[in-house]
Amino acid sequence: MKLNIALLAGDGIGPEIIDQAVKVSNAICKKFNHKIIWKTAITGAAAIEAVGDPYPENTHEICKASDAILFGAIGLPRFDNDPSSKIRPEQGLLKMREKLGLYANIRPTYIFPSLLNKSPLKKERIMNTNFIFLRELTGGIYFGKNGRKDNGNTAYDTCIYKRSEIIRLAKKGFELAMERSKKLCCIDKANVLESSRLWRETVQNMENNYPEVKVSYELVDAVAMRLIQCPNKYDVLITENLFGDILTDEASVISGSMGLMPSASIGEKHALYEPIHGSFPEAAGLNIANPLATILSAAMMFEMSFKLKEESALIREVVDKSLNEGFVTNDLANNNKSYKTSEVGDYIVENILKK
Ligand code: IPM
Ligand code: MG
């Protein structure tokens, strides 16, 4: 099979973790006889520096022409610390989501048995945790009207949702629930927000189409608490953009390291895969960042965009092996020997080719 993949390394540790995912993907293609054509493009701070735009038109063209996009990370502290800066790296990500129509962000949380002791939660609480968030990604307060008035002394951001935006996201949630344990949790703040009441009403109206799925409607503040108390009670969760942003960061540490969790952002035509951690600028260039979330994002890409299940299963199997054998970066090392980013990448490649 021929795979056209756009490669957007981005900022901070982006380039070094992306390098590992590229090595691993190439090894998979060698083993299974596929051919990848990589097209690199710039985004984020790197693109602001080069052309003054965090998601330049040329990058958009490359993304549009590809079968899938593999993405590293975006953001640099220089921009975070300056609220007055007009152009920010994160705008690149938002523009990319909007222009490519990537409306569903899929973020799984599952447990790696060898890392149970790394979780901030007690073992008994997290055993058998395996859930997936579907976060709406192109609407809500992120994309509503915002601005300042009263000479800059009042600021506003508007949370706005159309019924059609809720339906297309919820549909993905119901379909995923049908493939899994037929349990769907719809998260909102319907006791306060009108947009949440539209979410709840819309999802309720869809229930008839999926009679086997049992839907629970839960308030976002309560879910923030229950994710910590009993993460293993959840399966598929759907929610709007900002709630999803916050809850998926919370969910990402349950398994023991944010450096492990992959994600996919999909739309009707395009799909982007990225680790859920950020650009970790303090570690940039040091060859110490954990590449596993990016490598697992590549595994998601093989499975979801190319339906290559065996290929993605092999990546996951070898990642599990590296965790079990302690061939890991410093964040997971448990006072034992730790390995460099590129060494972990090499280890995964060697073990794929050996299989
Ligand atoms: C995420 C990030 C982004 C978001 C930022 C970098 C714009 O936090 O992907 O979760 O808020 O969506
Ligand atoms: Mg976030």
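Ten strands, in the order β2-β1-β3-β12-β11-β4-β5-β10-β8-β9, form an open sheet with mixed pairing. The edge strands are β2 (35–40) and β9, and each of them pairs on one side only. From one strand to the next, the twist averages 25°. The model is predicted.

**Inside the sheet**

Strand β1 covers residues 2–10, and strand β3 covers residues 68–73. These two strands pair in the parallel sense, over five bridges. Leu-8 stands opposite Phe-71 of β3. In general, strands of a sheet pair through backbone hydrogen bonds, either parallel or antiparallel.

**Helices across the sheet**

| Helix | Residues | Strands it lies across | Angle |
|---|---|---|---|
| α5 | 89–100 | β1, β3, β5 and β12 (271–275) | about 165° to β3 |
| α9 | 220–229 | β5, β8 and β9 | about 105° to β9 |

**Helix α8**

Helix α8 spans residues 194–206, which makes 13 residues. From its first C-alpha to its last, α8 reaches 19 Å. That is close to the 18 Å expected at 1.5 Å a residue.

Which residues of α8 are buried? They are Ser-195, Ser-196, Leu-198, Trp-199, Thr-202, Val-203 and Met-206. Seen down the axis of α8, these buried residues fall within an arc of 155°, so they line one face of the helix. On the other side of α8, Glu-194 and Asn-205 are exposed.

What covers the buried residues of α8? The cover includes the strands β5 (130–136), β8 (183–188), β9 (214–219) and β10 (236–239). It also includes the helices α7 (163–179) and α10 (241–252). Strands β5, β10, β8 and β9 stand in that order at one end of the sheet.

**The chain as a whole**

The secondary structure of the protein chain comes to 13 helices and 12 strands. Its C-alpha atoms fill a box of roughly 55 × 50 × 40 Å, taken along the principal axes. A compact globule of 355 residues would have a radius of gyration near 20 Å. The protein chain has 20 Å, which agrees.

Buried residues make up 54% of the 355 residues in the protein chain. Contacts reach along the sequence too. Among contacts between residues at least 6 apart in sequence, 75% join residues at least 24 apart.

Note on methods:
Residues numbered from 1 in each chain as written. Chains lettered and ligands numbered in written order. Predicted model: local features only at pLDDT ≥ 70, side-chain atom pairs only at ≥ 80, totals over all residues. Heavy atoms only, no water. Helix = DSSP H or I, 4+ residues; strand = E, 2+ residues; numbered from the N terminus. Expected span 1.5 Å × (residues − 1). Buried < 20%, exposed > 50% of the residue type's maximum accessible area, 1.4 Å probe, protein only. Arc of directions from axis to C-beta. Contact = heavy atoms within 4.5 Å. Pairing = 2+ DSSP bridges. Axes fitted to C-alpha atoms, helices over the stretch in contact; angles between N-to-C directions. Rg over C-alpha atoms; globule rule 2.2 N^0.38 Å.
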